[in-house]
Amino acid sequence: MKVSVLNKKWIVSLFLMSFAFGYSQVSLEFNVLNQGQVITNKGTDINYWDISAWQNPYPENYFATHFPFVEKVQLMAALGGNDARDLFLNPQDPNVLTDYDFSRLIIACHNVVDQGLKPMIFLAWVPQKLSSNPVFGAFGTNVRPPYDFQQWYAYVQACLQSLADEFGMDEVRSWWWSSGTEFENKDWFFNGFGSNSTRESYYKLYDYTVAALESVLGAGNFTVGVHSMTCSNGYWDERKLIDHCTIGTNYATGATGTPLHFYQISYYDNLPNGFDGVAFMSYVNFIRNRLVLRGLSDVPIGVAEGRVLKGWDNKPLNPREVLHPIQGSMDAKKVILMMENNVDWFSGWGCEAGIYSGLPIRLVGANIYQLQSKMIDSKQLGKTKNGNPINASNAIDGIAGYNESSEKAYVLLYNNNSNANSLTTESVHIKLANLEYANADSVKIDVWRVDDGHGNIWSEWLQIQNENNLQDADFFWSRYAVGAMSLNGWDAWNSNMGQLQPLSVVNKAQTFQHWIANNTMELDIQLEHHGVVLLEISNVKPLSLASCPDNYTICQNSAPFALTGASPAGGVYSGTGVLNGMFDPGIAGTGTVDITCTYVDGFGYEHHCNFIIVVLPAPEIIGPSDMEVCLHAAPFVPEGFYPAGGPFTGSGVIGSTFFPEIAGEGAHEINYHYADPVTGCENEASFTIHVNPSQLVNLPAGWTGLSSFLIPSNLMIDEIFAPIDENITILFNLDGTVYNPAGNIIPASPWDSYSGYCVKTSAAVTMDFCGDYVPNQNVQLLPGWNLVPVLSKTAVSSDFVFGFDSNIKIVKEVAGSKLLWKEMEINTLELLHPGKAYYVYCTTPASISFPPFSQQAVLELNQKEGIVSPFAIVAPTPISHVVALEANAVAQLKKGDILAAVSQNELCTGLVEVGDEQTAFVLYGDDATTVENDGLTDGEKIRYRLYRPGSGQYFDLELLWDANYPNGDTFVAHGVSVATSINLQYVGISASDNSCTNAGPNTTNAVVNISGI
């Protein structure tokens, strides 16, 4: 084997290295036959602080000539945030919101597109006159959201339309769009009301931004993403945006989710002390894991901005990298890590330094991206690493790829040390295994270097600084980059540009021949301190052996597949059932099939090999037709398949058992799989289980209201309630429908989902309705009392349903104490619950609507504490009478007084605790289904008692009544009374004469009854 020695210096270095303690030379072996993922361009993007940097055009083909790896230009915060960014003629005039001026953005985009590049426009931040109280953050831009998101939508929409008019719809659809710079960074976006509120405001901003994109470019015709900080703790958890975009409700459309096509983070090292790959990947995976969790595993992840914040002098770097050669090894380490872990891009702050002088030089990072771009479209090779460096603190590593079309292999290497002053040169042994010459009998190796003497100006620039006696004070930014300098600094820089510019360009450092021995190529490469090397190895290909795979067996129903396994790759397969390299067992038929592979090498010789494919018959499966089940049906194993014994799979199937509740509503394809125990051949059959919506309603013992938001599949009431009919005492509605199983009263009329029902049960049971959703959520009301269903899947606010129609006067529970009485400004019925029904009183015909099923959200209200009272209230019934105490009457009582309504036979039929304002309560009538008297009867005079917890006193009450409510102190079924004044008659502090006292708690009304008072 021949080994190329590049120069005598290397020989001396290797000799000296052999004496280093623990040194065994780092060795990197790459297997050319072990080819993995395709290597992509990692330097596609560059970012700019704002659009002003692109107001002047670059020379023609400047980027294609100098930086061909650049594909996109990120224009950050391009839509506004201050006078310089807001795209209006008069940014500070809030009275005119349509004086759009998109000319600066159009100019910038023209200059980008003219270079053959694509803009990525950050549609942010909010112009100051679109916010009610703009606040300017640390970056000088308005951090507040718009006061009207429709105005923001109109602004973005107008901007997009102007770009489409200028550049054409097809061109603009090929651009990329981002919403906000570091959206969870409080210095960029903060609505002033806390992290949760700020997060929701950003959701709205993003949703309305994407809606504007859809309105102009059309759904599916744009690429939109976001940029979060991530490498530092944000004001809120940025992962929640991924949740919002996948399972949240879109604020602009009301639909579920918002498009999210890519995700970018920021990544900065504080000082140029070596790239922290562990930290970098932890931030990437922090986001990637949530994307995968939410089904967005294919969403690209990139870095929108980053590198290094400060130089060793603790001054900020401009741009964010140093001119020192350590930057090259840091970037090479980063780029290799990105290739190995599928990080899609790392956007830098431009490709040149010193642009303020008009005489730019290439940045070290741009040279690394240029080297990496040579590897694009090659396939990553398997790697084995051994040995130790001379300097234990040196990090030595590399990556290799092979490009089949160009017959080239590439090896990218780096020597990185966190100590910028490290001067140790390392020798790395490179081995490429399982390859051979593509044509001639040697390989050509081109070497590119980025180190202290190649593609880097640091040593020369440092010498110039010293010669010109430049001090720290001459550098307003860090002296380790080329940011703002004094006039002396710029004079020194500009006067030496002729020397510095050529040194900044990465050129081919060396070309030499090398050889392959025993299908292996080996050589030693010297890596200077902080050095990076790219080897371009021409005229190689993977090892070619004319061999075929072993014979194998396959089943006739297997899908057509590409024939593989012959070596070398690229041979042509032939035989029965073979077409264009694909083998179709169905065409070949059962039996033995002979397959031949023919390979033609680079010299025109044919190589043949043969193997056999045995095609076995597949088992025939007979199965049942589709079926329907209810959502809450019991789990079951499908039956009727022959041959039996195979497993079932599909949505909602666990261990061959179908669980309707797990599967959820809708049609579910279920697969039956059977494997022949003799041949091992398998087959599948599928059928559909339709899971119909189901609503479970828990019925307590006693009276309650009942409804369903479903139209049952079977409308006959006796069949609907058959599973629980032994617990049904009676069911009726206000339309005359009555169901009494014990009395054999069976209604002929069907179940009406737009009606509420009263039902009494002998024990607590659960009712399961199964069918289809009602076609609309509107209920018509007639003058007088109505029994109304709840056509909602979740609890809904009573104010939302009843609060907008003044003709709806009173809403009350069927057998409960909660009510909504608008005229009295009383609402103890905050939520309407699915499965319940409610009495509603109207003065004229009216209509109510429940929210659409797809947009409902569960309401969460604080539960009120129960009343502690000595009075034992009767069981609620569906016949009730409501009584209100006006504010004047309440003022005659004390807050916390317990007021009870008492029947003539001393039953406590209603109860209320007096508050600060008008108070109302419900009195229960006699239960007609029981023999005993257990409530008020029509025409019965109602008496009232009061218990004062603070003193333990009891009073009899005399109430004066509002004549506008004529029922007064007389009980009337569904009657209404309003008390205007109260006279108290002191009874005493003993309850001995008070037969309305009991020892048992009444949980139905959340009342705790106390004995012994």
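**Cysteines and sheet**

Modeller: Both Cys555 and Cys681 are buried, and please keep in mind throughout that this is a predicted model.

Biologist: What joins Cys555 to Cys681?

Modeller: A disulfide joins them, with an S to S distance of 2.0 Å. The torsion about the S-S bond of Cys555 and Cys681 is about -100°, so this disulfide is left-handed. The pair links distant parts of the chain, since Cys555 sits in strand S22 while Cys681 lies in the loop between strand S33 (666–675) and strand S34 (682–692), 126 residues apart.

Biologist: How many disulfides are found in the whole structure?

Modeller: The search finds three disulfides. Another is formed by Cys548 and Cys609, whose sulfur atoms are 1.8 Å apart. Here the S-S torsion is about 70°, so the disulfide of Cys548 and Cys609 is right-handed. This pair also links distant parts of the chain, with Cys548 in the loop between strand S21 (540–542) and strand S22 (552–555) and Cys609 in strand S28 (residues 606–616), 61 residues apart.

Biologist: Is Cys609 buried or exposed?

Modeller: Cys609 counts as buried, because its relative accessibility is 11%, and Cys548 is buried too, with a relative accessible area of 18%.

Biologist: And what about Cys630 and Cys770, which hand is their link?

Modeller: Their link is left-handed, with -105° about the S-S bond. Cys630 is in strand S29 (residues 627–630) and Cys770 is in strand S41 (residues 765–773), 140 residues apart. Cys630 counts as partly exposed at 24% relative accessibility, whereas Cys770 is buried at 11%.

Biologist: What is the pairing if you number the bonded cysteines in sequence order?

Modeller: In that numbering the pairing is 1-3, 2-5, 4-6. Cys758, by contrast, is in no disulfide, and the nearest cysteine sulfur, that of Cys842, is 16 Å away. Cys758 is buried, with a relative accessible area of 0%.

Biologist: Switching to the sheet, in what order do the strands of the open sheet come?

Modeller: Eight strands form that open sheet in the order S2-S3-S4-S5-S6-S7-S8-S9, and the pairing is parallel. Its edge strands are strand S2 (45–48) and strand S9 (345–346), each of which pairs on one side only.

Biologist: How many bridges join S8 to S9?

Modeller: Two bridges join strand S8 (residues 301–308) to S9, and Gly302 stands opposite Trp345 in S9. Helix H9 (residues 326–341) lies across strand S7 (262–269), S8 and S9, running at about 165° to S8.

Definitions and conventions
Residues numbered from 1 in each chain as written. Predicted model: local features only at pLDDT ≥ 70, side-chain atom pairs only at ≥ 80, totals over all residues. Heavy atoms only, no water. Pairing = 2+ DSSP bridges. Helix = DSSP H or I, 4+ residues; strand = E, 2+ residues; numbered from the N terminus. Contact = heavy atoms within 4.5 Å. Axes fitted to C-alpha atoms, helices over the stretch in contact; angles between N-to-C directions. Disulfide = S-S within 2.5 Å. Buried < 20%, exposed > 50% of the residue type's maximum accessible area, 1.4 Å probe, protein only.
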